[in-house]
Amino acid sequence: MRAVVFHGPGRKAWEEVPDPEITDEGDVIVRVETATICGTDLHILHGDVPAVRPGRILGHEAVGTVEECGDGVHTLAPGDRVLVSAISACGTCRFCREGRYGQCLGGGGWILGHKVDGTQAEYVRVPFADMSTYRVPDGATDGEILMLADILPTGYEVGVLAGGVRPGDVVVVVGAGPVGLAAITTAQLYCPSHIVAIDLSDTRLEAAKHFGADVTVNNSREDPFRVIKDLTGRLGADVSIEAVGRPATFELAVKLARPCGRIANIGVHGQAVPLHLDEQWIRDITITTGLVDGSSTPTLMRLVTSGQIDARRFITHHFALDEFEDAYDVFTRAADTGALKVALSRCGE
Ligand SMILES: NC(=O)c1ccc[n+]([C@@H]2O[C@H](COP(=O)([O-])OP(=O)(O)OC[C@H]3O[C@@H](n4cnc5c(N)ncnc54)[C@H](O)[C@@H]3O)[C@@H](O)[C@H]2O)c1
Ligand SMILES: [Zn+2]
Ligand SMILES: [Zn+2]
């Protein structure tokens, strides 16, 4: 089969590799129908995630068809259409029993495209398949369900729920990439009074408006502090969500929060980030960090299939699976191309 293989920082290729095989009784092999690229894959290519070794197949998001099941798989059968979650879960460890699948101690967590071969491929081996896949509901499209593999649960769990968004809050989202837009989308489930999107890219800010931000700030030419002060009577935001993964944006997110405010870091960081505790200790802030668990996926799936969340609008570009090089190029140059999520499908649709 062919797959996107990581060859060290800055290098990847769509190339021929051996087909995956079942190596554990809990595995399934999924024929990938639709896959996508994440901001985290770009971090990997920048060398920010050293645990990803050369030779690894990238990708942690897919919708596909079960081809083959290990003997220990109980809930799936060949032919089933499934969402492959970014997070795998052994289902029995302490953290899985608490729904904290991202922290799985039994060999799960974020492993696809990280510690084991991932989904940017024609086929993928999915470990702990009963716990790590979700059946695609009848009538749902691959594209909308694919958004539940990572960005929607990430924006919701690590941004909105960790940040404790409440009715009437002023919510700031730093970074209006797909993950920031997922936070903007799901924050609206809690009726904030304002959602402020901050980004360097006007195209991303246009998207943020479309997704529900009522105030947008391009921080390459506008001062976000002034905007937030004007909006909050000089107090600062109730909840500040970081969805970029750079030191400067984390510092910005911290400073934009009001005293007693909540800062939810979603970004994947590849370098040490200053936390100015000498300034912040006195402000009674709460800072959360997190890896997505995917425990909200069933809830979000109901919101998507009932039409309360329009997940289709995240997908701006469609490619065939063997056009991964072009898709990476378009996704990497998002400020020029207007790309949010790219969908790569067998049929190119
Ligand atoms: N915690 C998790 O479980 C988890 C899961 C998925 C993704 N992530 C992370 O979330 C982050 C966002 O992912 P994405 O797919 O939306 O990425 P992305 O790269 O598409 O989007 C990042 C956005 O930040 C903007 N940006 C960059 N520098 C900025 C600055 N100085 N000020 C304001 N905006 C700036 C960019 O213009 C872009 O729109 C990444 O760090 C990704 O690795 C975390
Ligand atoms: Zn991701
Ligand atoms: Zn576990």
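Predicted model: local features only at pLDDT ≥ 70, side-chain atom pairs only at ≥ 80, totals over all residues.
1. Start with C38. This residue counts as buried, because its relative accessibility is 3% and buried means under 20%.

2. What does C38 do in the model? Its SG atom is one of the donors to the zinc ion (ligand 2). H60 coordinates through NE2, and D150 through OD. The distances run from 1.7 to 2.2 Å.

3. Now look at the spacing. Along the sequence, the donors to the zinc ion (ligand 2) follow the pattern C-x21-H-x89-D. C38 and H60 link distant parts of the chain, 22 residues apart. C38 sits in the loop between β3 (28-35) and α1 (39-45). H60 sits in the loop between α1 and β4 (62-69).

4. Is H60 buried or exposed? H60 is buried, because its relative accessible area is 1% and the cut-off for buried is under 20%.

5. Next, the largest pocket. Its space comes to about 1,200 Å³. A total of 49 residues line this pocket. Nearest its centre lie G39, H43, A243, V244 and G245.

6. Which helix gives the most to the lining of the largest pocket? That is α1, with 4 residues. Several elements each supply at least two residues of this lining. Among them are α5 (151-161), α6 (178-187), β9 (194-199) and α9 (247-256). The list also includes α12 (324-332) and α13 (334-337).

7. Then the cavities. How many have a volume of 30 Å³ or more? The count is 1 cavity. The largest cavity holds about 40 Å³ of space.

8. Who lines the largest cavity? The residues are E251, V254, K255, P274, L275, H276, E279 and Q280. Both α9 and α10 supply at least two residues each. The most comes from α9, with 3 residues.

Methods. Residues numbered from 1 in each chain as written. Chains lettered and ligands numbered in written order. Heavy atoms only, no water. Donors = N, O, S within 2.8 Å, 3.2 Å for Na, K, Ca; no water. Buried < 20%, exposed > 50% of the residue type's maximum accessible area, 1.4 Å probe, protein only. 1 Å grid on protein atoms, 1.4 Å probe; cavity = no way out; pocket = protein on both sides within 12 Å on 5 of 7 lines; lining within 4 Å. Points joined across faces, edges and corners; volume = space filled by probe spheres on them.
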